[in-house]
Amino acid sequence: LTDKKTISNMLEGLAQDGSWACFAKLQTLSIASMAVFSQMMCTITSALRERSGSCRLHNGREISLHPKLCIFLTYTSVSGWLLPPAINAEFRTFSMTPPDPEVVFGAHCTAMGFKSARILANKLMTLYNMIKEQLSLANAAARVSAKA
């Protein structure tokens, strides 16, 4: 998904259909593709905010808009790359962290009706950590034997 035409067609189709999409690793787009993405997103989100039933795209084409359209972006800022200001203004920023497995285990145990859900969750966590350690040792051994 790196050429301008593909991005343009994708956004146009999503806007008309009202689908949800996630554009992953946005930092891999070329500057030209990023410019098309930015311009189209600004046009589409403006029309959605105004509750307009249609919008005119950069190519002059008028398209109908479905109000259920939802677009997510992912990117890593490890390399110091930042979203262009025009795109950043159109999206809400949030970060995600991995869930705490013990909390998840506790919620599942409670939902299943266990009376001592916390105790069971703690025991499951111990088992989880043992399995995780064994798998990481097995992966390390496999990497060593692959190099040999």
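Begin by selecting arginine 49 and glutamate 90, whose side chains meet in a salt bridge with 3.2 Å from N to O; the term stands for a side-chain nitrogen of Lys or Arg within 4 Å of a carboxyl oxygen of Asp or Glu. This pair links distant parts of the chain, since arginine 49 belongs to helix H2 and glutamate 90 to helix H3, 41 residues apart. The helices (H or I, at least four residues) and strands (E, at least two) named on this tour are DSSP runs, numbered from the N terminus. Before going on, note that this is a predicted model, in which local features need pLDDT of at least 70 and side-chain atom pairs count only at pLDDT 80 or more, while totals for chains, interfaces and linings use all residues. Residues are numbered from 1 along each chain as its sequence is written, and side-chain values use heavy atoms, with hydrogens and water left out.

Stay with arginine 49 for a moment: is this residue buried or exposed? Arginine 49 counts as exposed because its relative accessibility is 55%, where buried means under 20% relative accessible area, exposed means over 50%, and partly exposed lies in between (1.4 Å probe, protein chains only).

**The other salt bridges**

The structure holds 3 salt bridges. For another of them, select glutamate 12 and arginine 61, whose closest N and O atoms are 2.2 Å apart. Colouring by accessibility would set the two partners apart, for glutamate 12 is buried at a relative accessible area of 7%, whereas arginine 61 is partly exposed at 44%.

Next, select glutamate 62 together with arginine 56, which form a salt bridge whose closest N and O atoms are 3.2 Å apart. Here glutamate 62 counts as partly exposed, at 41% relative accessibility, and arginine 56 counts as exposed, at 52%. As a general point, side chains of opposite charge can pair when their charged atoms come close.

**The largest pocket**

Now select Phe72, Leu73, Phe91, Arg92 and Phe94, which lie nearest the centre of the largest pocket, among the 22 residues that line it. The elements that give two or more residues to this lining are helix H2 (31-49), strand E4 (70-73) and helix H3 (85-90), and H2 gives the most, with 5 residues. The volume of the largest pocket is about 720 Å³. On a 1 Å grid over the protein atoms alone, a pocket is an open set of points where a 1.4 Å probe fits, with protein on both sides within 12 Å along at least five of seven lines, and lining residues have an atom within 4 Å of a point.

Which residues form a nonpolar patch on the surface? Select Leu127, Ile131 and Leu135, which together have about 280 Å² of accessible area. Such a patch is made of residues with over 30% relative accessible area and no salt bridge, with nonpolar side chains (Val, Leu, Ile, Met, Phe, Trp, Tyr) joined within 5 Å. Isoleucine 131 lies in helix H5 (residues 117-147) and counts as partly exposed, at 45% relative accessibility. Lysine 123 is also found in helix H5 and is exposed, with a relative accessible area of 57%; the C-alpha atoms of lysine 123 and phenylalanine 105, 18 residues apart along the chain, are separated by 9.6 Å.

**Two last stops**

Select arginine 51, found in the loop between H2 and E2, where phi is near 60°, a positive value in a residue other than glycine. Most residues other than glycine have a negative phi. Arginine 51 is exposed, with a relative accessible area of 77%, and its C-alpha lies 9.1 Å from that of leucine 65, which is 14 residues away in sequence.

Finish at isoleucine 7 in helix H1, a buried residue with a relative accessible area of 1%.

Conventions. Points joined across faces, edges and corners; volume = space filled by probe spheres on them. Patch = residues over 30% accessible without salt bridge, like charges linked within 9 Å, V, L, I, M, F, W, Y side chains within 5 Å. Areas by Shrake-Rupley, 256 points an atom, 1.4 Å probe, with all protein chains shown as cover.
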